Amino acid sequence: MNLIYFILLPLLGAILNGSIALISAGRKKEEPRALVSAIALGVMLVAFALAIPLALDFFSGRTDPILSSLFSWITVGNFKVDFALSLDRLSVVLLLIITGVGSLIHLYSVGYMKGEAGYAKYFAYLNLFVASMLVLVLGENLLMMFLGWEGVGLCSYLLIGFWFEDEAKAKAGKKAFIVNRVGDFGFLLGIFLLISFFLPEAKEGVSILSFSYLKTYIHELGHAHVIFIPAGIIGLCFFIGAMGKSAQIPLYVWLPDAMAGPTPVSALIHAATMVTAGVYMIARMHFLYDLAPWVLQFIGAIGAITALFAASIGLVQRDIKKVLAYSTVSQLGFMFLAMGVGAYATGVFHLMTHAFFKACLFLGSGSVIHAMGGEQDIRRMGGLRKSMPITFWTFLIATLAIAGFPPLSAFFSKDEILWEAFHRGHSLLAGLGFLAALMTSFYMFRLTFLTFFGDFRGTEEQKHHLHESPWTMTLPLIVLAILSTVGGWVGIPHLLGGHAQFQNFLGLGHGSLEVTASDHLWELSLMVLSVGLALLGMLLAYVFYIKNQSYAECLARRFPRLYRLLLNKYYVDEIYDALIVNPIKGISETFFSKTVDQKFINQVLVEGSAKTVKNLGRVLNWLQSGQVSVYAFYFLAVISVAVFYLVFS
Amino acid sequence: MLAAIKNSIFPFWPLLVLLGGAFVTLMMGLLKGRARILAPALSSLLVLALSAYGFFEAYFLSGSQSILYSLAVVGVGILSVPMFLDYFQAREEKVPEVFSLLLLVVLGALVMIGTTHLLVFIFGLEILSLSLYVMAGLRREDLRSAESSLKYFILGSVALAFTLMGLSFLYGVSGQLDLNLMAETVIAPEFVTLFKIGIFLFLLGLCFKVAAVPLHFWAPDVYQGAPMPVTGLMAVVVKLASFAALLKFLFFFYLWEHQQIAGISLSLDKFVLFLSLASMAVGTLAALRQKSVKRLLAYSGIAHGGYILLGLSTGWGQANELMNTSDAVLFYLISYAVMSLGVFTVLSLLSRGSQELDSLEDLKGLSKKHPLASAFLAFFFISMAGIPPMTGFMAKYLIFKQAIYQGLWGPTIFAVLMSAVAFYYYLVPVIRMYFQEESSSSVELPKLPLGAQAVLVLLILAILGLGIFPDVILAGF
Amino acid sequence: MFNWIDQNILSLIIFTPLAGAVVGLFLPSSQRRVFEIWTLFVTLLTFVLSLHLVFYFDNGAGYQFAIFKPWIQSLGVQYALAVDGISLWLVVLTTFLMPIVTLFSWGAVGERHKAYYLLLLILHTGMLGAFMAVDAFFFYLFWEAMLIPMYFLIGIYGHGDKIKAATKFFIYTVVGSVLMLLGMIYLYFRAGGSFLLQDWLVLDLSTSEQWWLFLAFTLSFAIKVPIFPLHTWLPEAHTQAPAAGSVILAGVLLKMGTYGLVRFAIPLFPQAYDQAYPVIASLAVVGIIYGSLVAMVQKDIKKLIAYSSIAHLGFVVLGLMAFNEQSMTGAVYQMLNHGVSSGALFLLVGMLYTRTHTQAIANYGGLAKTLPLFTFVFMVVTFSSIALPGTNGFVGEFMILAGTFYSDLSLWAIVASLGVILSAVYMLWMVERVFFGKKAGESLKPLKDLNLREWLCILPLLVMIVWMGLKPNFFLEKIEPAVKTLVEIKSAF
């Protein structure tokens with residue numbers, strides 16, 4: 001089957017809905033909402049349905065990728081890039097997540113966005129996002145991937161700023177795009193470096209940026225443990241791209257702000273799919289990273305630190321979506337930790353389970369916000385479990401999953417990341433990971449308790465309004481809750497009697513699993529530790545937020561600085577503003593624009609020289625006195641000089 | 001018998017026709033009514049056309065270049081008749097004598113162009129100058145016109161005195177007044193300096209006429225005071241005739257220098273180059289700050305003279321380059337004549353009545369009041385600035401080409417930079433006419449008469465034709 | 001008949017607008033509609049004629065559709081027209097933009113419409129001639145002649161401090177080009193009395209000769225591009241020009257500079273180029289960063305786009321300096337892209353201006369609510385301008401940077417890549433201020449969205465943005481052979 005249908009279908013949806021949006025905007029008419037939803041959801045479901053047989057094909061043992069080359073995109077001399085797609089075991093997983101979870105979120109959106117203006121526009125963007133995301137995932141070469149990479153960034157920008165009339169939201173979208181561009185700068189540099197290494201010797205008609213070519217020839221970049229080898233630099237460049245897209249330190253700052261977008265968008269783009277693109281990219285390029293261990297170490301460290309850092313901020317946030325946003329950053333950190341220790345498959349495994357439970361959490365929060373009439377502050381919620389049972393139960397399941405309770409999905413994936421980190425000799429990183437896991441459990445239960453337990457703390461009006469969401473919203477919640485539960489069962493480790501099928505299926509090589517028998521004791525004890533930490537986190541949350549709520553305030557008063565530091569997210573935004581944004585703006589304004597451009601170049605050099613020339617004319621006008629006698633004098637002087645010259649030369 | 005008469009008269013046919021025509025035209029001032037001014041105008045047209053008849057037959061002129069210059073002068077004369085007619089017809093004081101003076105100016109110019117005899121040349125020069133002195137003062141109600149006339153006369157006389165002095169030195173040393181004969185005389189070594197001084201005094205007198213810096217001071221003042229068509233005549237005919245003469249004389253002087261006759265070393269090329277650079281610089285820079293159109297054109301004329309002089313300073317080493325140089329100068333002069341005539345015609349037509357359209361401020365918003373006149377004027381100014389495909393560009397190009405061929409990099413770079421600066425002041429009238437709104441003092445402007453329009457269209461075609469197909473002039477020789 | 005057309009196609013293309021102008025001269029000036037339709041007809045006819053070039057262009061190097069006829073014999077000037085892969089698209093870009101500009105002007109020009117449309121047509125001929133002439137003298141003729149109509153367009157139909165802007169534009173460009181003229185004269189003598197480019201290419205010039213000539217030529221082109229620090233005429237000209245003028249200026253005239261570099265400065269003086277390219281590349285990179293930074297703090301939409309043009313053309317120049325197949329092809333392609341994208345941006349700003357009569361960013365806000373269609377179009381063009389993959393801008397910038405990267409200018413390429421970030425910063429900042437947020441004032445309320453005529457103007461540009469982004473090979477395969485020859489000529493030294 002030609003893979004292009006996966007792109008064309010959502011693209012068609014985007015174009016149709018976009019046209020509907022434009023036409024109705026132009027005629028100032030109401031949009032045909034049913035048609036819009038049918039188109040948007042329809043293309044997603046068809047795409048998902050088309051994906052299933054392909055996935056089954058791979059699950060039943062297919063190893064060689066499916067290739068679809070459409071046309072040659074850019075050809076200049078011996079440089080050639082095709083507009084080509086490929087589907088292999090890695091991308092088929094992502095394909096399923098994107099179309100599957102994507103379909104659910106589209107369905108959810110039908111309910112969530114009901115009554116919002118710009119309905120068709122919203123679905124056009126959402127479809128366009130899916131199309132871009134699939135280009136990213138299915139792209140056969142780096143440039144195709146970059147096409148999708150930037151495409152999803154565009155959609156993210158558009159959807160974050162969906163309610164553009166609110167300036168803060170428009171700004172958040174812009175911030176997301178620009179921070180991502182910083183990462184893209186790294187991505188591009190990586191591509192350029194690869195080109196500069198491979199192009200001079202490339203044969204005409206060979207696409208050097210295709211993954212298959214790179215996989216075959218990447219070893220020419222050299223393999224060494226020195227820092228400055230091409231593979232390392234290139235790997236680092238690509239990782240900068242991943243930092244941007246997957247919100248790692250120091251480029252994570254856009255993701256919490258991105259919560260300005262509609263909640264289903266947060267679920268789809270900023271939790272389940274787009275933000276994991278960096279992880280996917282590293283898995284896709286793992287052959288490159290295999291050559292550069294120091295970059296891997298760097299990635300692991302960034303991942304672990306991000307996991308902990310974001311989790312710590314999540315501890316005190318009051319906005320339900322912000323907590324989940326920092327949680328996402330933190331979970332992405334776990335994935336990069338896995339990548340960094342070389343356990344690519346495990347990272348992808350966590351990517352998948354995260355897609356389930358985090359989508360479920362976001363959608364659940366959306367359901368809550370919907371019921372609360374737009375309220376997002378968890379201090380004004382409470383006791384919602386009675387009025388919205390489905391939301392509550394699914395949210396609770398997802399919380400248990402993310403906290404790592406067995407046998408829910410993240411137990412297997414997260415635990416394995418920590419185990420891999422540990423037994424591959426990165427115990428420090430593993431330690432950070434355990435700490436982050438503890439915090440995760442704490443803040444997630446804090447969230448759950450504050451939202452669903454206790455008494456309602458909102459206004460009377462809100463209380464009156466509380467209701468369970470319609471089926472379009474609860475159905476996706478239920479499905480995702482189920483997936484959050486069972487999603488991890490495809491990768492049960494050998495220790496627990498499983499076969500780690502998922503990891504083996506991906507076959508990303510480099511010893512994804514080299515578990516030796518002697519490690520079993522360690523593995524088991526770590527497993528126990530992590531479950532213990534999850535329990536501890538839950539217990540602490542229970543004590544602080546259900547048993548005796550004054551403890552939390554007490555603690556906050558005890559360490560006011562720490563509390564404020566966390567509440568203000570370590571002042572990172574402010575630091576960026578002070579160190580980067582404002583200086584650049586200031587220098588551009590006062591120095592470049594006003595001083596150099598206007599004063600120096602324009603006024604002094606350009607207009608100054610013109611003025612000088614003009615002023616020379618003034619002297620001449622002065623000589624032109626208008627008096628005949630003066631002119632006669634000039635005449636005589638000239639003739640005298642001439643004669644003098646002739647006589648005495 | 002008739003043939004004999006014809007043979008003896010024909011060499012002087014143009015001069016005789018012009019002279020006789022001037023008398024007849026003068027007498028037509030006795031007529032009454034509209035004919036008082038129309039008849040002299042028509043008769044001068046006829047006379048000018050008749051005079052041209054003799055050029056190719058047998059002329060006292062030597063060389064095809066002289067014929068072309070003469071044709072150009074007569075052509076300018078013909079084309080300027082509508083300008084004079086319209087200007088003076090609209091005035092209270094009609095002054096029909098002006099056409100007779102016009103014929104005399106042409107007569108003087110032809111003599112200047114044609115002769116190699118120095119004394120005859122002075123006659124021509126004086127016929128031309130005296131007529132112009134009178135013409136400059138024709139606006140009797142305007143003090144500045146009188147001032148212009150007087151200034152021109154006084155300074156012209158001083159210059160004439162020096163020219164004559166130079167002439168007397170030359171005659172005293174060589175005993176000849178015809179340059180062809182003078183070239184064959186042997187000059188005693190002790191008189192060489194005197195001879196050189198003679199040459200230089202003579203040349204300086206000519207440089208005064210072409211308003212080369214530093215002998216240019218009269219030009220802006222005189223231009224400004226004279227009636228508009230007369231200014232045009234000064235700008236065009238005087239420049240044409242004087243430069244043609246200068247070219248001719250320089251040709252002789254260079255030749256002497258080149259052949260080392262009597263051990264004369266004059267460094268004339270350096271002298272001319274100096275005049276050229278000074279003229280370009282002063283003409284261009286001074287024009288930048290002018291508020292009067294006439295003064296602006298005076299300075300622009302000085303700058304144009306600078307380019308011509310740049311051409312005149314080159315090419316005297318080799319015979320074939322000499323041809324190219326004189327071609328370039330000829331082309332430049334003809335282009336300049338056509339463009340200037342265009343500008344002055346438009347200005348004269350707009351200057352009818354008591355008020356001259358002289359201040360640049362008066363041009364403000366002209367394009368709305370008088371789109372046709374503005375379009376013509378803008379076209380001529382832009383051509384003067386030297387934008388292709390108009391001939392102003394081609395003319396400059398030919399000069400630069402000659403200069404580069406001679407390796408005069410420094411002066412040429414200076415010249416092109418000056419021409420770039422010159423764009424600025426040529427654009428000033430355009431800005432006033434097109435980019436600015438009308439000033440408060442709105443003057444009622446006359447419509448362009450059809451005859452004048454025809455002349456202007458003809459000039460535009462000439463400008464484009466010369467600019468696009470310069471071979472019309474260049475390939476002929 | 002067909003043969004005749006095929007042999008004289010270039011003359012036909014060049015002189016169709018001029019002939020249209022001559023005919024227009026005699027049309028009654030009171031009828032505005034007559035001029036509008038006539039000009040549109042003439043420009044469309046020119047465009048259709050130029051499509052002949054696209055269809056019958058043989059994807060190879062060298063001149064095609066060439067016409068060589070003696071013209072000014074005494075000066076050795078030939079009537080020599082030809083196109084190769086580089087000029088082909090620039091010609092088509094010109095003929096493509098002109099009907100759009102004309103159609104746009106229908107709504108924008110009221111007073112003095114006759115002169116306006118005549119000037120457009122004359123300018124059209126001038127631009128086409130400059131791209132097609134392969135005789136240097138002929139080229140120079142068009143190069144200079146172009147200035148006059150543009151000067152009038154800015155001066156008469158512009159706004160604000162238009163006199164200063166027009167004059168600066170004129171004098172600045174002229175100062176550069178007169179020196180080039182001297183260089184051309186020298187080469188003419190050096191080539192034994194020929195202005196033909198092909199005769200000049202085989203000259204064996206000494207290094208010092210090359211240096212001086214390179215300087216003279218490059219100065220002229222650098223002003224036109226403009227390369228930092230010769231750029232200050234551009235923001236003023238753009239800001240004060242009427243929208244159509246800005247579109248032509250950004251879309252076509254700036255390309256004259258880069259085209260001149262490709263056509264003259266680099267191939268004629270390879271040795272001088274070999275020594276000078278790091279300097280020019282540095283200036284180009286400075287232009288990219290500096291232009292972006294200055295664009296970031298502009299308060300006027302048009303000025304912002306003008307500075308962004310400086311940055312964009314910095315990429316083009318950088319690509320030309322890197323001088324390999326990829327970077328050069330990318331640079332030529334980027335010329336077209338910039339023509340389309342910046343042209344579209346200025347067009348859109350023009351449409352906005354006709355509605356609001358203000359260019360200050362601060363006066364806008366929340367337009368996305370009132371003008372949804374316009375906003376959509378503007379966003380598409382914005383993303384083309386910041387080189388989003390899938391749009392035309394990406395292909396050009398990518399090829400330039402990729403090529404530059406593997407030349408010895410890789411450090412320059414890294415710094416230039418920062419421009420990718422900066423372009424997003426200033427463009428999105430502007431978009432945010434103009435289209436998002438709350439409405440700035442009641443005055444902006446009764447705005448009408450795009451009308452049919454405006455859609456007709458902008459739609460072809462949108463199509464080009466996507467087409468050139470997704471199927472660039474259609475264009476590249478025609479450009480590349482010409483570039484390849486150039487690269488080979490240079491590497492022969």
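## Salt bridges between chains A and C

In this predicted model, Lys369(C) forms a salt bridge with Glu165(A), their closest N and O atoms 3.5 Å apart. The pair crosses between chains: Lys369(C) sits in helix α15 (residues 367-370) of chain C, and Glu165(A) in the loop between α5 (142-160) and α6 (167-198) of chain A. Lys369(C) counts as partly exposed, because its relative accessibility is 45%. Glu165(A) is partly exposed too, at 30%.

Glu607(A) pairs with Lys168(C) in another salt bridge, with closest N and O atoms 2.7 Å apart. Here helix α26 (residues 572-623) of chain A is joined to helix α7 of chain C. Both Glu607(A) and Lys168(C) are buried.

## Salt bridges within chains

Arg32(C) forms a salt bridge with Glu36(C), at 3.0 Å between the closest N and O atoms. Both lie in helix α2 (residues 32-56) of chain C, four residues apart, about one turn of the helix. Arg32(C) is partly exposed at 34%, whereas Glu36(C) is buried at 0%.

In chain A, Glu375(A), Asp377(A), Arg379(A) and Arg380(A) are linked in a network of salt bridges. Over all chains, the structure has 36 salt bridges.

## The contact of chains C and B

Chain C and chain B each bring 34 residues to their contact. Together they bury about 3200 Å², 81% of it on carbon and sulfur atoms. Arg112(C), Leu182(C) and Phe189(C) supply 17% of the area that chain C buries against chain B, more than any other three residues.

One salt bridge is counted between the two chains. Glu111(C) forms it with Lys368(B), the closest N and O atoms being 3.8 Å apart. α7(C) gives the most to the side of chain C that touches chain B, with 16 residues. By class, that side has 26 nonpolar, four polar and four charged residues.

Technical notes:
Residues are numbered from 1 along each chain as its sequence is written. Chains are lettered from A and ligands numbered from 1 in the order in which they are written. This is a predicted model: local features need pLDDT of at least 70, side-chain atom pairs count only at pLDDT 80 or more; totals for chains, interfaces and linings use all residues. Side-chain values use heavy atoms; hydrogens and water are left out. Contact means heavy atoms within 4.5 Å. Buried area is the accessible area (1.4 Å probe) that two parts lose on being put together, summed over both. A salt bridge is a side-chain nitrogen of Lys or Arg within 4 Å of a carboxyl oxygen of Asp or Glu. Helices (H or I, at least four residues) and strands (E, at least two) are DSSP runs, numbered from the N terminus. Ala, Val, Leu, Ile, Met, Phe, Trp, Tyr, Cys and Pro count as nonpolar, Asp, Glu, Lys and Arg as charged, and the others, Gly among them, as polar. Buried means under 20% relative accessible area, exposed over 50%, partly exposed in between (1.4 Å probe, protein chains only).
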